[in-house]
Amino acid sequence: MRTDIQNMKMELSIINMMDEFARYARLERRINKMTDQLKTLVKSRTAQQAKMKWIVNIIFYILQAALMISLILKYYTEPVTVVPSKWIAPLERLVAFPSGVAGGVGITCWLVVCNKVVAIVLHVFS
């Protein structure tokens, strides 16, 4: 469609407006009509792409949430790692949740920290 418009514009530039006004006007109307059709097509394609991007993002977030929930349920009682209690003294119970192991880092805390680190790194590189 764009090539057709370019070709018609080239043809329009060749036509003398004074000598062949009717032909010039018809060609100009065809160019305007095709340009409007192209704009409508581009808008609909852009809207469709935005919709698909939105759907893909939702599916990605649902899969991510399902993965995190399954990890939390599977490793509920086991700490990801155990560190000296002094390192996390004021927040020991919160960090150990849900495992409850003293000095342990629970899966929920681990996932929250990992998500935050990934978000920061992605923000830096984007």
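Analyst: Happy to! One term to begin with: a residue is called buried under 20% relative accessible area, exposed over 50%, and partly exposed in between, using a 1.4 Å probe and protein chains only.

User: Thanks. What kind of model is this?

Analyst: This is a predicted model, where local features need pLDDT of at least 70, side-chain atom pairs count only at pLDDT 80 or more, and totals for chains, interfaces and linings use all residues. Residues are numbered from 1 along each chain as its sequence is written, and side-chain values use heavy atoms, with hydrogens and water left out.

User: Back to that term, then. Is glycine 106 buried or exposed?

Analyst: Glycine 106 counts as buried because its relative accessibility is 0%. You'll find glycine 106 in the loop between strand 2 and helix 4 (107-125). Helices (H or I, at least four residues) and strands (E, at least two) are DSSP runs, numbered from the N terminus.

User: Which residues does glycine 106 touch?

Analyst: Leaving out residues up to four places away in sequence, glycine 106 touches Val80, Val95, Ala96, Phe97, Pro98 and Ser99. Contact here means heavy atoms within 4.5 Å. Threonine 77 is 29 residues away along the chain, and its C-alpha atom is 8.2 Å from that of glycine 106.

User: Pro98 is on that list. Where does proline 98 sit?

Analyst: Proline 98 is in the loop between helix 3 (92-96) and strand 2 (104-105). The peptide bond from phenylalanine 97 to proline 98 is cis, with omega near 0°.

User: Let's zoom out. How many helices and strands are there?

Analyst: The protein has four helices and two strands, and along the sequence they follow the pattern α-α-β-α-β-α.

User: And what is the radius of gyration?

Analyst: The protein has 31 Å, while a compact globule of 126 residues would be near 14 Å. That value is taken over C-alpha atoms, and the globule rule is 2.2 Å times the number of residues to the power 0.38. The C-alpha atoms fill a box of roughly 95 × 25 × 20 Å along the principal axes.

User: What share of the residues is buried?

Analyst: Buried residues make up 19% of the 126. Valine 42, in helix 2 (residues 21-74), is partly exposed, with a relative accessible area of 33%. The C-alpha atom of valine 42 is 26 Å from that of serine 126, 84 residues apart along the chain.

User: New topic! Which residues does UniProt annotate as "transmembrane region"?

Analyst: The unreviewed UniProt entry gives that annotation to residues 54-76 and 96-125. UniProt positions are in the numbering used here, feature names are shortened, and annotations may be inferred rather than shown by experiment. Residues 54-76 are 91% helix and 0% strand, with end C-alpha atoms 32 Å apart. Residues 96-125 are 67% helix and 7% strand, and their end C-alpha atoms lie 32 Å apart.

User: Where does the "coiled-coil region" go?

Analyst: The unreviewed UniProt entry places that feature at residues 17-44. In the model, residues 17-44 are 86% helix and 0% strand, with the end C-alpha atoms 35 Å apart.
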